[in-house]
Amino acid sequence: GYNLIIFFIISHLMSILGKLNPWNPSIPYEILSLNISSKLSTNSHAIKESSKDFGKIIQEILPAAVLYPSCVNDIIDLIQFSHDLSVPFHVAAKGHGHSIRGQAMAKNGVIVEMSSLNNNINNNENCGVRVSWDSGLGFYADVGGEQLWIDVLRSTLEYGLAPVSWTDYLYLTVGGTLSNAGISGQTFRYGPQISNVHEMDVITGKGELVTCSKDMNSELFFGVLGGLGQFGIITRARIVLDKAPTRVKWVRMLYDDFSKFTKDQEHLISIHHNGLDYVEGSLMMEQSSLNNWRSSFFSPSNQTEIASLLSKNKIMYCLEIVKYYDDQNANTIDEELKKLVKGLKYLGGFMFKKDVSFVEFLNRVRSGELELQSKGKWDVPHPWLNLFVPKSSIMHFHAAVFVDIILRQNKTAGPILVYPTSRKRWDDRMSTMIPEEETFYCVGLLHSSSGYKECKILDNQNEEILNYCDKVGLNIKQYLPHYKTKEDWIKHFGKKWNIFQQRKDLFDPKMILSPGQRIFN
Ligand code: FAD
């Protein structure tokens with residue numbers, strides 16, 4: 001009672017002073033009688049900050065308030081409160097806000113700043129990163145959904161261990177990547193990050209905290225993995241660990257022929273015994289820089305050589321591979337690598353090698369990020385398009401999209417990734433949609449634009465690419481999907497739509513969670 005009156009007076013005064021937004025009527029004042037009231041903010045700065053993301057395309061989707069939870073129970077209280085209302089408000093977990101199109105936003109709802117759990121790690125309820133072993137699972141780590149992968153890496157390395165499946169960039173949260181898939185050059189071998197989770201704690205849209213795994217509450221487990229935040233908020237994930245190598249051999253090879261490039265990639269991911277640990281690849285065009293933000297690799301003299309080749313060929317392909325090693329095989333690693341690249345059809349003389357620590361390799365994108373940040377080029381609009389392209393469509397995709405649309409129109413502004421992976425390492429019971437074919441390509445058009453005008457041009461190009469693929473039936477799937485209509489979502493999920501919808505009815509019947517994905521709202 002008193003709390004409410006005092007808050008009412010203070011918030012009225014603050015809103016007059018412009019420090020707080022006027023109370024948003026979509027959230028009843030009674031929320032202030034909960035224990036979480038002191039952790040809720042309606043401060044204009046907090047509201048604005050919580051509604052920003054890496055994409056910088058969607059703006060002004062403002063929540064009514066931001067919750068800074070200090071423990072898992074705070075999130076439970078919030079969701080239960082909303083769920084019990086006749087007109088509930090939306091709740092979105094915000095991990096590190098590295099979505100492209102407002103996926104972690106919640107108009108007139110409450111954003112849960114997950115990082116706040118990490119600031120209160122001493123609270124017994126919060127998980128942080130805890131390494132354990134048991135005879136059934138081997139080594140594993142229990143990690144909070146709010147944890148950044150870089151912190152998971154640092155903590156597990158203290159035990160000489162590390163997760164096996166990664167993303168290219170490590171400043172993303174565990175909850176954020178598990179809501180999509182989590183892919184990189186290791187995926188062909190170890191599966192995406194969602195294939196390397198034993199168990200999770202999830203707060204459903206009913207405000208219930210549920211532990212789930214393949215054998216326990218499995219419907220929730222499979223739904224949440226790749227589930228775009230629709231079924232619950234991940235507060236703990238039990239992640240597979242393995243012995244961490246100490247160093248890596250990191251190699252790039254250049255090709256002037258896409259067919260040879262992809263055949264070699266496909267060959268490399270098919271080697272099971274003593275094969276590579278990472279296989280990726282990218283396009284090189286004159287207009288995209290050689291050492292882009294994803295990693296600086298080529299020395300100045302390499303760059304001059306490559307630039308002259310590019311001015312002749314216009315488009316080239318860079319195969320990127322890594323083999324891990326440590327003291328035990330330091331003497332044989334060069335020989336092992338030599339065997340693996342034998343017979344590959346890259347351009348003679350265009351193989352470049354590096355030998356770096358495991359951490360330096362995994363965290364390779366960070367230095368590029370810091371450099372762009374210092375030049376004010378990181379915090380710009382990013383009209384990205386990420387696709388999974390079936391192997392049988394990749395040559396067609398190359399000719400029509402890479403050459404006819406991107407190269408001819410001369411509109412590209414950032415790295416373009418192309419690398420194959422195998423369906424075998426994915427579990428179709430999970431929510432992520434992938435093509436039906438056994439082998440498919442991960443394609444990332446990672447554009448950075450100088451401003452909104454260029455962003456629009458690049459986004460129109462993305463639209464053209466999607467329309468083309470649709471028109472000729474290339475059977476692609478969007479990764480980190482974004483659609484404007486429910487019909488598009490139904491098409492995206494195809495035969496999985498019914499189960500996706502049933503799971504929503506089961507775990508978030510009032511459609512409270514992650515409205516920014518725009519699937520059910
Ligand atoms: P947010 O943007 O904060 O949230 C994403 C979605 O997940 C939202 O709907 C949100 O509500 C929901 N969510 C957040 N936390 C939780 C939780 N704990 N439980 C349930 N739902 C939650 N992806 C790859 O697979 N491979 C890559 O190599 C890769 N590289 C990237 C590099 C950069 C520079 C960027 C910006 C993105 C990259 N991504 C990559 C994409 C990235 O994995 C996704 O955008 C991911 O969602 C970002 O995580 P986040 O913590 O920032 O999530």
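Before I start on the strands, one definition: two strands count as paired here if DSSP finds at least two bridges between them. Please keep in mind throughout that what we are looking at is a predicted model.

With that cut-off in hand, let me begin with strand E1 and strand E2, residues 65-67, which run antiparallel and are joined by 2 bridges. Within this pair, serine 41 is the residue that stands opposite valine 66 in E2. Both strands belong to an open sheet of 4 strands, whose order is E1-E2-E4-E3 and whose pairing is mixed. At the edges of that sheet we find strand E1, residues 40-41, and strand E3, residues 91-94, each of which pairs on one side only.

Next, a second pair of strands: E5, residues 129-134, and E6, residues 138-144, run antiparallel and are joined by 6 bridges.

Finally, the helices, where two packed helices are described by the angle between their axes and the distance between the axes. For helix H14, residues 394-409, and helix H15, residues 452-472, the angle is about 155°, and the axes are 11 Å apart. Since angles over 145 degrees count as roughly antiparallel, that makes H14 roughly antiparallel to H15. The crossing in which H14 passes H15 is right-handed. On the H14 side the contact is made by Ala400, Val401, Ile405 and Gln409, and on the H15 side by Gln461, Glu464, Ile465 and Tyr468. By class, the residues of this contact divide into 5 nonpolar, 2 polar and 1 charged.

Definitions and conventions: Residues are numbered from 1 along each chain as its sequence is written. This is a predicted model: local features need pLDDT of at least 70, side-chain atom pairs count only at pLDDT 80 or more; totals for chains, interfaces and linings use all residues. Axes are lines fitted to C-alpha atoms, for helices over the stretch in contact, and angles run from 0 to 180 degrees between N-to-C directions. Angles under 35 degrees count as roughly parallel, over 145 as roughly antiparallel, 65 to 115 as roughly perpendicular and the rest as oblique. A crossing is left-handed if the near helix is turned anticlockwise from the far one by less than a right angle, and right-handed if clockwise. Two residues are in contact if their C-beta atoms, placed from the backbone, lie within 7 Å. Ala, Val, Leu, Ile, Met, Phe, Trp, Tyr, Cys and Pro count as nonpolar, Asp, Glu, Lys and Arg as charged, and the others, Gly among them, as polar.
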